[in-house]
Amino acid sequence: MQLIQSIKGIGAVAATTILIEMPEIGSLRKKAVASLAGIAPITRQSGRWRGQSFIQGGRKPLRDALYLPAIVTTQFNPDLKAQYERMKAAGKPSKVAITAIMRKLLILANTLVKEDREWVEIRA
């Protein structure tokens, strides 16, 4: 739990929820982690027709637990704040940008547990 809480923006409740709802964290690939949580983008296409991407399925309590930390992260985590601002500058809606940050948080938590290390801020 300490490894996950070392990420700026993730508190005790979110870290506990991640561990409870996703006990296999640390043993999955990036795409599998996002798919299990239901925050992987799914595109609808058929021939030349292109629909909008959306998210669906997965573990809703996990998605709910990641929403508020994603919003906090866009304010206080410099790495993910920069990514959020790039997406907004590119014209992405706020919900799409927040969902991308949720995905990044979960992938980061998976990587930290897999490598058994804490998150450290990179100072340039």
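I began at Arg 50, which I found in strand 2, residues 49-50. A reminder to myself before going on: this is a predicted model. Is Arg 50 buried or exposed? With a relative accessible area of 57%, Arg 50 is exposed, because the cut-off for that class is over 50%. Leaving out residues up to four places away in sequence, I listed Arg 44 and Gln 45 as what Arg 50 touches.

**Arg 44**

The contact with Arg 44 sent me there next. Arg 44 sits in the loop that runs between helix 3 and strand 1 (45-46). Its relative accessible area is 49%, so I wrote it down as partly exposed. Which residues does Arg 44 touch, not counting those up to four places away in sequence? My list reads Trp 49, Arg 50, Gly 51, Gln 52 and Phe 54. Lys 60 lies 16 residues from Arg 44 in sequence, and their C-alpha atoms are 21 Å apart.

**Helix 3**

I then stepped back to helix 3 (30-37). Here I noted Val 33, Ala 34 and Ala 37 as buried. Around the axis they cover an arc of only 95°, which puts them on the same side of helix 3. The cover over these buried residues includes helix 4 and helix 6. Just after the helix, Gly 38 takes a positive phi of about 80°.

**Helix 4**

Since helix 4 had turned up as a cover, I checked its length. Helix 4 has 17 residues (60-76), and at 1.5 Å a residue they should span 24 Å; the end C-alpha atoms are 25 Å apart, which agrees. Which residues of helix 4 are buried? I found Leu 62, Arg 63, Ala 65, Leu 66, Pro 69, Ala 70, Thr 73 and Thr 74. The buried residues of helix 4 pack against helix 2 (12-21), helix 3, helix 5 (78-89) and helix 6 (94-115).

**Helix 2**

On to helix 2, where Ala 14, Ala 15, Thr 17 and Ile 18 are buried. Looking down the axis of helix 2, I see these buried residues within an arc of 160°, so they line one face of the helix. What does the face turned away from the buried side carry? There I found Val 13 and Ile 20, both exposed. Among the elements covering the buried residues of helix 2 are helix 1, helix 4 and helix 6.

**Ser 6**

Between helix 1 (2-5) and helix 2 there is a loop, and Ser 6 is in it. Ser 6 counts as buried because its relative accessibility is 18%, and the cut-off is under 20%. Beyond four places in sequence, Ser 6 touches Leu 112, Glu 118 and Trp 119.

**Largest pocket**

Last, I looked up the largest pocket, which has a volume of about 410 Å³. It is lined by 15 residues, and those closest to its centre are Ile 55, Lys 95, Val 96, Thr 99 and Ala 100. Which element gives the largest share of the lining? That is helix 6, with 7 residues. Sorted by class, I have 8 nonpolar, 4 polar and 3 charged residues in the lining.

Key. Residues numbered from 1 in each chain as written. Predicted model: local features only at pLDDT ≥ 70, side-chain atom pairs only at ≥ 80, totals over all residues. Heavy atoms only, no water. Helix = DSSP H or I, 4+ residues; strand = E, 2+ residues; numbered from the N terminus. Expected span 1.5 Å × (residues − 1). Buried < 20%, exposed > 50% of the residue type's maximum accessible area, 1.4 Å probe, protein only. Contact = heavy atoms within 4.5 Å. 1 Å grid on protein atoms, 1.4 Å probe; cavity = no way out; pocket = protein on both sides within 12 Å on 5 of 7 lines; lining within 4 Å. Points joined across faces, edges and corners; volume = space filled by probe spheres on them. Nonpolar A, V, L, I, M, F, W, Y, C, P; charged D, E, K, R; others polar. Arc of directions from axis to C-beta.
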